[in-house]
Amino acid sequence: MTAACPAERRRILVVDDDRSLAEMLGEYLERAGYVVSSRETVAEGFAAARREAFDAVILDIMLPDGDGLDLCRRLRAESDVPILMLTARGDPPDRIVGLEIGADDYLPKPFDPRELLARLRAILRRRESSESRPEALRFGALEIDRTARVVRLEGEERPITSHQFELLWALATRAGKVLSRDALMQLVRGEDLEAFDRSIDVHVSRIRQAIEADPRHPRRILTVRGVGYVFSRSAVDPTPIRTPGGVVSGSGS
């Protein structure tokens, strides 16, 4: 599965068994310039994603033949295509699980189509922006390659989602600068974040598992309690490919 479609006609896969909602969403997105394909089940959605190239997937959690979360896992195992989860369940655990298994964003039902369009555009904008700026950073054994959109630790590629890559890039390019959760989400999403949205913590936890020798005692991404996070340069080789600027000392979690 790849995401290779001209920006003006990006292809979106909608997987939702609510036909009226899918039709409304399809019409709305097509008026905005997208090409939309709809499927109603996990099996149909997975088959379509493997057969065709989509630039993003809008995925409902509740599907008739299984859990949309399982489909998210299967998609993420084969592709880094951006995934926007839809859920009628408002419980934070559902959102957290979706983010943990690789979703780039989520939107609870009912939703305003304008908000969904804004979130979709933000996801695609991040992808387009990253593809147009070939850059790489190296901090000791850690390499963040924006050209290939991969993270390597001691030469070994580490699993990380598209959203988490952008979050790590935002932190690493501002090493030594403490960034609040709102500031980070604005950098990554390009939009304001509700004050009590904790999804940022889930992503940071997953990034730590990928790049830290001991995620419980991180040395690279440090928590500044009551404020946010900072990418520390004190525990790594101070000769990156591109120096983000700023210096911090000490450690913490």
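**Strands, then helices**

Modeller: Strand β9 (residues 142-145) pairs antiparallel with strand β10 (residues 150-153) through four bridges. Pairing takes at least two DSSP bridges between the strands. Helices (H or I, at least four residues) and strands (E, at least two) are DSSP runs, numbered from the N terminus.

Biologist: What kind of model is it, and how are residues numbered?

Modeller: It's a predicted model, where local features need pLDDT of at least 70, side-chain atom pairs count only at pLDDT 80 or more, and totals for chains, interfaces and linings use all residues. Residues are numbered from 1 along each chain as its sequence is written, and side-chain values use heavy atoms, with hydrogens and water left out.

Biologist: OK, which residue in β10 is the bridge partner of Ile-144?

Modeller: Val-151. That hairpin has four residues between β9 and β10, and Arg-149 has a positive phi near 55 degrees.

Biologist: And what does Arg-152 stand opposite in β11?

Modeller: Glu-157. β11 (residues 156-158) runs antiparallel to β10, joined by three bridges. Two residues separate these strands in their hairpin, and Glu-154 in the turn has a positive phi of about 55 degrees.

Biologist: Switching to helices: at what angle do α6 and α8 pack?

Modeller: About 85 degrees for α6 (residues 162-172) and α8 (residues 199-211), with axes 10 Å apart. Axes are lines fitted to C-alpha atoms over the stretch in contact, and angles run from 0 to 180 degrees between N-to-C directions. So α6 is roughly perpendicular to α8 (65 to 115 degrees).

Biologist: Which residues make the contact?

Modeller: Among them are Leu-167 and Leu-168 of α6 and Ile-200 and Ile-207 of α8, contact being heavy atoms within 4.5 Å.

Key. Parallel < 35°, antiparallel > 145°, perpendicular 65-115°, else oblique.
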